[in-house]
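I opened the model to look things up, one item at a time. My entries follow in the order I made them.

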Amino acid sequence: MQFPTKVIHQGQEPDKETGAIIPPVYLTSTYAQEAPGVFKGYDYTRAGNPNFTNLERTLAVLEGGEHATVFSSGLGATTALITSVLKQGDFVVGMNDLYGGTFWLFDAVFKKYGVRLELADLNDADARAVAFAQKPKMVVFETPTNPLLRIVDIAAVAKDAHAQGAMVVVDNTFATPYLLNPLALGADAVLHSTTKYIGGHSDVIGGAVVTNNTVLKEKLDFARMAVGLNPSPFDCWLVSRGVKTLAVRMEQHMKNAAAIVDALAASPKVKKLYYPGLATHAYHDVAAEQMRGFGGMVSVEFDLSLEAMKKMISGYKVFSLAESLGGVESLVDHPASMTHTSIPKAEREKMGLPDGLVHYSVGIEGTEDLVEDIVEGLAGC
Ligand SMILES: *Cc1c(COP(=O)(O)O)cnc(C)c1O
């Protein structure tokens with residue numbers, strides 16, 4: 001079955017009792033039992049709900065995995081992974097520009113329980129060897145990363161991590177299963193913030209983990225119930241509704257991103273352009289090898305004063321100035337004053353995040369409208 005068919009039909013079968021083409025929202029906290037302890041698979045919604053099961057089917061199939069567990073958010077999913085897999089004294093290696101929320105979860109929450117995270121450039125074989133020699137229990141990274149859109153070679157990292165007995169977790173939020181399937185390249189678990197492209201409409205917060213490991217699946221289900229990381233049935237229903245258009249949305253996101261990259265590349269006011277589809281991108285070859293397309297995120301360092309740049313990105317007609325990404329609407333983010341404020345300026349610059357860096361989540365609006373916004377913005381400053 002092809003991807004555009006799977007997103008619509010897997011885990012989305014018509015209701016058996018009524019024939020309703022769309023599975024209903026099971027807004028229920030509990031379930032009637034026939035006799036004490038005799039029930040139809042569900043006993044309490046913190047532990048399970050048919051809307052969770054439907055979405056789990058869909059996500060497992062899309063990632064080519066056996067199992068999925070859905071959670072209240074991407075960070076809820078990460079919390080479940082940490083509490084399921086790690087214990088006091090364990091060591092974790094993360095890619096050096098790990099998603100800020102994931103970093104803070106380790107640093108501000110789990111550090112005091114004795115779980116230590118260290119960041120390393122996983123693309124640098126030497127840095128990787130030094131980090132992995134400390135015997136991490138888990139290696140976690142995104143590809144592409146945020147906001148510099150670095151690509152991590154999943155197969156290479158997984159091989160080295162497995163040689164040290166570490167579990168490999170890939171956050172596939174940016175690429176989505178339409179463009180990348182980390183399990184096939186050696187990842188042990190795939191993490192998603194379904195808030196982003198999978199939901200796709202900026203109207204819900206959700207997360208998921210997909211794995212082929214049955215023991216891990218049981219631990220994740222347990223963590224959801226025991227820690228209270230469950231999503232709401234309605235939120236799952238919204239994600240199930242949103243994911244159906246993932247294939248067509250991703251095609252338009254990529255078409256628009258490519259057009260914007262062309263418009264930006266033509267401007268002398270652009271200092272550096274980051275898009276994995278560009279032949280000049282540092283990891284273009286890895287991206288071309290492991291992905292089926294280059295996604296809808298574009299980052300730019302402008303050769304403008306900070307003031308002129310801020311005025312330009314505040315004045316767009318179609319792009320909204322907002323955090324988050326992956327929705328149908330185009331968004332623009334200034335990491336130094338929005339998503340990455342918690343990192344001191346000197347640290348940010350060391351990480352390659354100058355104040356002039358701007359991050360676009362290119363939506364699925366009309367291509368010409370978006371290009372016009374970018375071109376007019378540049379002309380006005
Ligand atoms: C947003 C995001 C998360 C966290 O997800 P929430 O749903 O906001 O909790 C994790 N990883 C990446 C790459 C993200 O973009």
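**Entry: a loop residue.** I looked up Lys135 and found it in the loop between helix 5 (125-132) and strand 4. I take helices (H or I, at least four residues) and strands (E, at least two) as DSSP runs, numbered from the N terminus. Phi of Lys135 is near 55°, a positive value in a residue that is not glycine.

**Entry: ground rules.** I note that this is a predicted model, in which local features need pLDDT of at least 70 and side-chain atom pairs count only at pLDDT 80 or more, while totals for chains, interfaces and linings use all residues. Residues are numbered from 1 along each chain as its sequence is written, and side-chain values use heavy atoms, with hydrogens and water left out.

**Entry: cis peptide bonds.** I then went to the loop between strand 4 (138-142) and helix 6 (154-163), where I found Pro144. The peptide bond joining Thr143 and Pro144 is cis, with omega at about -5°. Pro147 is also found in the loop between strand 4 and helix 6. A cis peptide bond joins Asn146 to Pro147, and its omega is about 0°.

Entry: In what order do the strands of the open sheet of seven run? I read 1-7-6-5-4-2-3, with mixed pairing. Strand 1 (67-71) and strand 3 (116-120) are the edge strands, each pairing on one side only. From one strand to the next, the twist averages 20°. I count two strands as paired if DSSP finds at least two bridges between them. Strand 2 (residues 91-95) pairs with strand 4 in the parallel sense, over three bridges. Val92 stands opposite Met138 of strand 4. Helix 5 packs on the sheet and touches strand 2, strand 3 and strand 4; contact means heavy atoms within 4.5 Å. The direction of helix 5 makes about 165° with that of strand 2. Axes are lines fitted to C-alpha atoms, for helices over the stretch in contact, and angles run from 0 to 180 degrees between N-to-C directions.

Entry: I found an open sheet of five strands in the order 8-9-12-11-10, with mixed pairing. Its edge strands are strand 8 (270-274) and strand 10 (320-321), and each pairs on one side only. Strand 8 and strand 9 (residues 297-302) are antiparallel and share four bridges. For Leu273, the bridge partner in strand 9 is Val300. Helix 10 (residues 246-265) lies across strand 8, strand 9 and strand 12 (357-361), at about 15° to strand 9.

**Entry: the ligand.** Which of the 14 residues around the ligand come nearest? I noted Gly74, Asp171, Ser193, Thr195 and Lys196; a residue is near a molecule if one of its heavy atoms lies within 4 Å of it. I then listed polar contacts, pairs of N or O atoms within 3.5 Å.

- A polar backbone atom of Gly74 is 2.9 Å from an oxygen atom of the ligand.
- A polar side-chain atom of Asp171 is 2.6 Å from a nitrogen atom of the ligand.
- A polar side-chain atom of Thr195 is 2.7 Å from an oxygen atom of the ligand.

The ligand on its own has 370 Å² of accessible area, and the protein covers 93% of this; accessible areas come from the Shrake-Rupley method with a 1.4 Å probe.

Key
Polar contact = N/O pair within 3.5 Å; in protein donor to acceptor, adjacent residues only side chain to side chain.
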